[in-house]
Amino acid sequence: KLLTLKSKEEIETCIESEEFEVDMLNYEILTRYREEKRGSHDIKIDFENETISWILSSADVMEKLMHSGETISITKSIEIIKTIIEMDNGARTGWKLRLAVAIALTFNQTVKQRQPTVYGSSHLLEDGPIIDGLERFKNFVEW
């Protein structure tokens with residue numbers, strides 16, 4: 001779109017628009033998605049899903065997702081946010097949306113509880129059971 005603009009004012013207006021921000025964030029996300037897909041054929045985003053479409057069209061969601069921390073898998077993060085929103089439609093805005101993004105960034109890879117174990121006089125932490133991010137979201141909401 002930028003290539004079709006003629007004047008400096010048109011370019012500045014375009015760059016400052018929310019539509020441009022969404023386009024740039026989509027570019028970042030789709031670039032990461034393409035990189036992830038090269039590494040694994042199991043990775044897939046259902047772009048026709050209504051919730052996924054909403055996520056990818058929301059500058060607020062994408063800005064939070066792309067700039068709130070490092071994620072191992074953008075694909076898994078988007079899928080987690082989608083699942084949370086489908087589970088709790090209130091997660092489309094406010095603190096629940098911020099919580100959904102935090103859960104997605106944290107649980108896009110396996111997270112295990114750390115359990116103290118005593119070996120003689122040494123106290124060590126060992127891996128415990130896997131923590132379910134969706135259950136963690138529900139628990140935070142209930143508090």
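Is K82 buried or exposed, and what is its relative accessible area? K82 is buried, with a relative accessible area of 12%. The model described here is predicted. This briefing covers the salt bridges of the structure, which number six, and the packing of helix α5 (residues 74-87) against helix α7 (residues 133-142).

- E79, K82 and E86 are joined in a network of salt bridges.
- In one of these bridges, the side chain of K82 meets that of E79 at 3.3 Å, taken from N to O.
- K82 and E79 are three residues apart in helix α5, so about one helical turn separates them.
- In another bridge, E86 pairs with K82, and their closest N and O atoms lie 3.2 Å apart.
- E86 and K82 are four residues apart in helix α5, and this spacing is likewise about one helical turn.

- D60 forms a salt bridge with K64, in which the closest N and O atoms are 2.4 Å apart.
- Both residues belong to helix α4 (residues 59-67), where D60 and K64 are four residues apart, or about one turn of the helix.
- D60 is partly exposed, its relative accessible area being 38%.
- K64, by contrast, is buried, with a relative accessible area of 16%.

**The packing of helices α5 and α7**

- Helix α5 and helix α7 pack at an angle of about 45°, and their axes are 11 Å apart.
- The crossing of the helices α5 and α7 is right-handed.
- On the α5 side, the residues in contact are T83, I84 and M87.
- On the α7 side, their partners are L134, F137 and K138.
- Sorted by class, the contact of α5 with α7 comprises four nonpolar residues, one polar residue and one charged residue.

**Points to locate in the structure**

- Helix α5 holds K82 and E79, which form a salt bridge, and helix α5 also supplies T83, I84 and M87 to the contact with α7.
- Helix α4 holds the pair D60 and K64.

Terms used:
Residues numbered from 1 in each chain as written. Predicted model: local features only at pLDDT ≥ 70, side-chain atom pairs only at ≥ 80, totals over all residues. Heavy atoms only, no water. Axes fitted to C-alpha atoms, helices over the stretch in contact; angles between N-to-C directions. Helix = DSSP H or I, 4+ residues; strand = E, 2+ residues; numbered from the N terminus. Left-handed = near helix turned anticlockwise from the far one by under 90°. Contact = heavy atoms within 4.5 Å. Nonpolar A, V, L, I, M, F, W, Y, C, P; charged D, E, K, R; others polar. Salt bridge = Lys/Arg side-chain N within 4 Å of Asp/Glu carboxyl O. Buried < 20%, exposed > 50% of the residue type's maximum accessible area, 1.4 Å probe, protein only.
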